[in-house]
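I opened this model to look up a few strands, a helix and some single residues. My entries follow in the order in which I made them.

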Amino acid sequence: MTKVLATSATVASMWNQLSSRQRCRIVGSIAGALCDRSDELIQACASPQRTDPVETITSELLPLCAALKFLGKRGAKILAPRRVGMSNRPAWLLGVHSVVHRVPLGTVLVLGTWNYPLLLPGVQVAQAIAAGNRVRLKPALGAQRASQILVECFHACGVPADQLVLLDSDTSAAVNAISEGVDLIVLTGAAETGRKVLESAAPTLSASIMELSGCDAVIVLPGADEQRLIAALRFGLSFNASATCIGPRRLLVQAANHEVLVERLTTVLAEMPPVIVHPAARRGVADLVAQALAAGAVDRLGRYDPMQLREQGAMYPLLLDRVTADHAIASADVFAPVLSVMGARDIDHAVDLVNACPYRLAASVFGPAAEATGVAERLDVGTVTINDLIAPTADPRLPFGGRGQSGFGVTRGPEGLLAMTAAKVISRRRGSLAPHLRPRAASDQEMLHGALQMLHGAGFQKRFAGLRRIVRSVKKT
């Protein structure tokens with residue numbers, strides 16, 4: 001056992017001896033390896049929820065390869081040491097020069113997800129590896145083959161086998177890894193899973209990034225492009241069988257537009273085929289819908305079959321009208337093609353409905369650009385898209401994370417890369433000036449009090465009074 005640990009430490013040391021530029025270049029080259037094995041990856045990602053190969057290309061391979069290339073080109077600059085020179089240096093630190101380094105955290109445990117088995121864990125693994133960490137990837141059940149190919153591509157491009165290890169998909173693999181001690185846990189999953197992981201991490205005080213559930217709202221402003229809005233909602237309810245944490249779940253509409261919009265949306269959604277809801281989500285979705293219908297919500301399409309959902313997982317898109325904030329489904333993480341229509345008295349009410357929801361991963365605002373931007377700035381969520389949804393979040397330059405029960409911390413983008421590191425500061429003092437090292441003098445309090453007033457007093461007169469105080473103390477000395 002000791003020999004194995006020593007070998008792993010040696011491999012990690014060799015990887016960390018590479019410059020961040022070298023590591024990032026290797027990570028960037030993995031995009032080519034993924035392209036070479038794209039047919040295998042498309043097949044490995046096929047499932048009852050992923051029946052269209054185009055979705056694997058557009059939602060997984062293209063954004064993942066873009067993220068890898070982004071790290072290859074920009075990663076080294078993001079990770080570069082930051083020199084803290086003379087500019088804005090406190091006067092009492094004259095002669096001190098500091099450098100802030102970004103260093104690896106150590107071992108990062110990535111807990112993958114089933115709905116996007118390549119993009120989400122792939123970017124997290126890539127950022128952790130580029131930052132110099134050892135990574136343990138625990139795939140979701142059903143994502144083993146896709147994860148295996150992903151890891152093989154990293155190894156083929158020069159990432160040492162001990163630097164990136166694929167664990168078993170069983171929950172016990174994650175439990176064992178956490179109990180043995182890791183430096184960072186990155187989870188993409190349900191809020192309930194997040195609670196369990198955090199509880200397991202408490203004894204070792206492992207840091208965590210939680211990318212959890214969503215109950216995303218779409219706010220419709222007066223003057224919104226109705227055709228664009230309906231096309232976006234149709235896309236969001238069908239893409240990846242609607243198993244997307246930032247899929248549209250609530251439609252917030254003011255009374256003047258409510259009935260016309262719902263009627264037109266009903267016409268479009270009535271043409272959509274059913275999807276297969278993931279087994280893990282079926283019971284919860286069926287229970288929430290039953291509660292909503294019992295509380296007064298209306299099935300506008302009339303195609304909902306609870307027995308079919310519970311027993312087979314098949315579900316047509318469901319448009320629930322007259323949902324109110326006190327309905328459980330209005331503040332729940334639903335992984336199925338369900339859109340709840342909620343009335344908003346005005347824009348302020350719509351903003352309050354979004355900010356009061358426990359899940360605040362993302363939101364969308366449809367309307368004239370200036371007005372929509374103003375609303376977006378008031379929303380307490382991780383990501384806001386204007387006149388669009390889902391797609392812009394795949395930009396490799398952008399961080400992604402939520403608020404409330406949607407988790408904390410970020411992955412992706414420069415901020416996600418830095419989150420895989422710790423800040424290490426090295427300060428050096430030049431010259432012989434080191435006033436804090438000399439013996440205490442009787443005049444120190446007067447002099448330092450004067451310096452405080454001179455440097456930070458409010459207004460010229462108070463700062464000048466501080467200078468005079470310093471002069472008096474010097475004369476006394």
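Entry 1, strand S13. I looked up Leu 320 and found that its bridge partner in S14 is Ser 340. I note that strands here are DSSP runs of type E with at least two residues, helices are runs of H or I with at least four, and both are numbered from the N terminus. S13 and S14 run parallel and are joined by three bridges. I count two strands as paired if DSSP finds at least two bridges between them. S11 and S13 pair in the antiparallel sense, over two bridges.

This is a predicted model, in which local features need pLDDT of at least 70 and side-chain atom pairs count only at pLDDT 80 or more, while totals for chains, interfaces and linings use all residues. Residues are numbered from 1 along each chain as its sequence is written, and side-chain values use heavy atoms, with hydrogens and water left out.

Next I checked the side chains of S13. Leu 318 and Leu 320 point one way, Leu 319 and Asp 321 the other way, and all are buried. Buried means under 20% relative accessible area, exposed means over 50%, and partly exposed lies in between, with a 1.4 Å probe and protein chains only. In a regular strand the side chains alternate between the two faces of the sheet.

I found His 327 in the loop between S13 and S14. Is His 327 buried or exposed? With a relative accessible area of 7%, His 327 is buried. Leaving aside neighbours within four places in sequence, I list Ala 292, Ala 295, Ala 297 and Arg 322 as its contacts; contact means heavy atoms within 4.5 Å.

I checked the length of H10 (residues 255-269): at 1.5 Å a residue its 15 residues should span 21 Å, and the end C-alpha atoms are 21 Å apart, which agrees. The expected span is 1.5 Å times one less than the number of residues. H10 has a kink of about 25°, centred on Leu 261; the bend at a residue is the angle between axes fitted to the seven residues ending there and the seven starting there. Leu 261 is also among the buried residues of H10, with His 258, Val 262, Leu 265, Thr 266 and Leu 269. These buried residues pack against strands S8 (216-220), S9 (248-253), S13 (318-321) and S14 (338-343), and against helix H9 (226-238).

I read the order as S1-S2-S20, in an open sheet with antiparallel pairing. S1 (82-84) and S20 (421-429) stand at the edges with a single partner strand each, so one side of each has no neighbour in the sheet. S1 and S2 share three bridges, and Val 84 has Ser 98 in S2 as its bridge partner. Nine bridges join S2 (residues 96-104) to S20. Across that pairing I found Val 99 opposite Ile 426 and His 97 opposite Arg 428.

At 69% relative accessibility, Gly 431 counts as exposed. Gly 431 and Gly 95 are 336 residues apart in sequence, yet 6.4 Å apart in space, C-alpha to C-alpha.
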